[in-house]
Amino acid sequence: MKNSKKILTVALIIAFALVALIPLTGGFATSKKQLTVWSHLTQDEVKALQPIANKWGKANGYTVKVITDQGSFQSFQTAAMSGKGPDIMFGLPHDNLGAFWKAKLLEAVPANLVDKKNFVSTALEACSFEGKLYALPIAMETYALFYNTSKVKQAPKTMSQLITLAKKVGFMYDVNNFYFSFAFIAQNGGYVFKNKGGSLDPNDIGLATNGAIKGLSLIRDFVLTYKFMPKDIKGDIAKGNFQNQKIAFYISGPWDVQDFIKAKVPFAVAPLPKTDDGKPTPSFVGVQAAFVSAKSKNKDAAFKLLKYLVENSALTLFKVGHRIPVLNKVLASSEVKSNKIMSAFAEQAKVGIPMPNIPEMSAVWTPAGNALSLITTGKATPKQAADAMVKQIKQGIAQMQ
């Protein structure tokens, strides 16, 4: 009896030892390791993302939770500082990254994590500060030219062609909104902040240069010379006129596509027309970005998961959320190429300029909108309005500091 007890004890010790040796990636050991992902994407996109995260988790011995987060920078900062924040933020608009970067909440992306050649360069630029990558892009969005295919056979290739056709068939957009009108300021070399070696300089503002004033003059002409749209036009009015087929041209983004399909508008989308000397018209590009929290306790694993999610979710987000991919191979895939509307937005995004991601950008929107209103109402010349705008932006930045 004593011997049988001894044998049983030894057998149990060996059994426990074997269980302890089973790796966490397989066998019947239960993983206690966990990674948390907060996402700013829609509920449907988060649902579609969870199985992709689960697949990585199962292969690597982690439980991964993807949670919809519509919280603010403050809520992230509070959670991160208390040690209860997420390991990864997935799908944050890139122009919000500046506040996180300034607060030292972004962990720099390891140099060898991804091959930068696989991404659209504009998207990587949107996720960089001082020439260093702090987040990975997951999707991008921009605006382009919608046109009614029953009124216009082909999209205009140049600004002169657009103006000539628009005189006959109509053209409107949210003209006093700097987000959209920036494209015409930028087509002749205007810029918000100068990009110096991958770093935006808030002291070098390019909204009153000769090129910027040329663009502002064109915007004035849209309203006061050609009378394409009223001086107080709003985006919903322009959209309604395109949807009701009163006008043939309209500038907006992918967010309007479904409404036009439902309304059975015969339409197509094309990149914005080039200047008459062949320069592209660079729209603002917004990028959905993903980053590892500098306060994560599992940074190595978090970066591996981040890389996996970025490389394996692009087509899912394209189908579920109509997000334009940032990976070149996905952009070249048959699924994306066969979607003519989204392909047009992707073409436009390639020549676009990322919205500045530094905190100083918050001082730009109001003065820029005011300047556009002064120009389109004829209350100031483009040069006067541009000079006043730059002065106000500089004052706003000084107050921030």
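In this predicted model, Leu-165 touches Val-152, Pro-156, Gly-170 and Phe-249, leaving aside residues up to four places away in sequence. Leu-165 belongs to helix 6, which covers residues 159-169. Its relative accessible area is 27%, so Leu-165 counts as partly exposed, since the buried class requires under 20%. Between the C-alpha atoms of Leu-165 and Phe-228 there are 11 Å, although 63 residues separate the two along the chain.

**The chain as a whole**

The protein chain has 401 residues, and 50% of them are buried. Its secondary structure consists of 17 helices and 14 strands. The C-alpha trace extends about 105 × 50 × 30 Å along its principal axes. Of the contacts with a separation of 6 or more, 77% are between residues 24 or more positions apart.

In soluble globular proteins, nonpolar side chains tend to be buried together. The largest nonpolar core of this chain contains 136 residues. Phe-90, Phe-171, Tyr-173, Phe-178, Leu-207, Phe-222 and Met-229 have the most contacts inside this core. Helix 7 is the element that gives the most to the core, with eight residues.

Why is helix 7 described as largely enclosed by the rest of the structure? Nine of its nine residues are buried, so the rest of the structure largely encloses helix 7. The buried residues of helix 7 are Phe-178, Tyr-179, Phe-180, Ser-181, Phe-182, Ala-183, Phe-184, Ile-185 and Ala-186. At the start of this helix, the backbone nitrogen of Tyr-179 has a side-chain oxygen of Asn-177 within 3.0 Å.

**Helix 8 and its cover**

Helix 8 runs over residues 210-225, and its buried residues include Gly-211, Ala-212, Ile-213, Leu-216, Phe-222 and Val-223. Gly-215, Ser-217, Leu-218, Ile-219 and Asp-221 are buried in helix 8 as well. Among the elements covering these buried residues are helix 6, strand 8 (171-172), helix 7, strand 10, helix 16 and helix 17 (382-400). After helix 8 comes Lys-227, with a positive phi near 50 degrees.

**Thr-376**

Thr-376 lies in helix 16, residues 365-376. With a relative accessible area of 0%, Thr-376 is buried, because that value falls under the 20% cut-off. Two partners of its side chain are listed below.

| Atoms on Thr-376 | Partner | Distance |
|---|---|---|
| Side chain of Thr-376 | Side chain of Asn-176 | 2.8 Å |

The Asn-176 pair is a polar contact between side chains. Not counting residues up to four places away in sequence, Thr-376 touches Val-175, Asn-176, Ile-219, Val-223, Leu-224 and Lys-231.

**The largest pocket**

The largest pocket holds about 370 Å³ of space. It is lined by 23 residues, and Glu-125, Phe-193, Asn-195, Leu-200 and Ile-353 are the closest to its centre. Elements giving two or more residues to the lining are helix 5 (121-126), helix 7 (178-186), strand 9 (191-196), strand 10 (199-206) and strand 14 (353-354).

Which element provides the largest share of the lining? Strand 9 does, with five residues. Sorted by class, the lining has 13 nonpolar residues, eight polar residues and two charged residues.

Key: Residues are numbered from 1 along each chain as its sequence is written. This is a predicted model: local features need pLDDT of at least 70, side-chain atom pairs count only at pLDDT 80 or more; totals for chains, interfaces and linings use all residues. Side-chain values use heavy atoms; hydrogens and water are left out. Helices (H or I, at least four residues) and strands (E, at least two) are DSSP runs, numbered from the N terminus. Buried means under 20% relative accessible area, exposed over 50%, partly exposed in between (1.4 Å probe, protein chains only). A polar contact is a pair of N or O atoms within 3.5 Å; within protein, one must be able to donate a hydrogen and the other to accept it, and residues adjacent in sequence count only if both atoms are side-chain atoms. Contact means heavy atoms within 4.5 Å. On a 1 Å grid over the protein atoms alone, a cavity is a set of points where a 1.4 Å probe fits but cannot get out, and a pocket is an open set with protein on both sides within 12 Å along at least five of seven lines; lining residues have an atom within 4 Å of a point. Grid points are joined across faces, edges and corners, and a volume is the space filled by probe spheres set on the points. Ala, Val, Leu, Ile, Met, Phe, Trp, Tyr, Cys and Pro count as nonpolar, Asp, Glu, Lys and Arg as charged, and the others, Gly among them, as polar. A nonpolar core is a set of buried Ala, Val, Leu, Ile, Met, Phe, Trp, Tyr and Cys residues joined through side-chain atoms within 4.5 Å.
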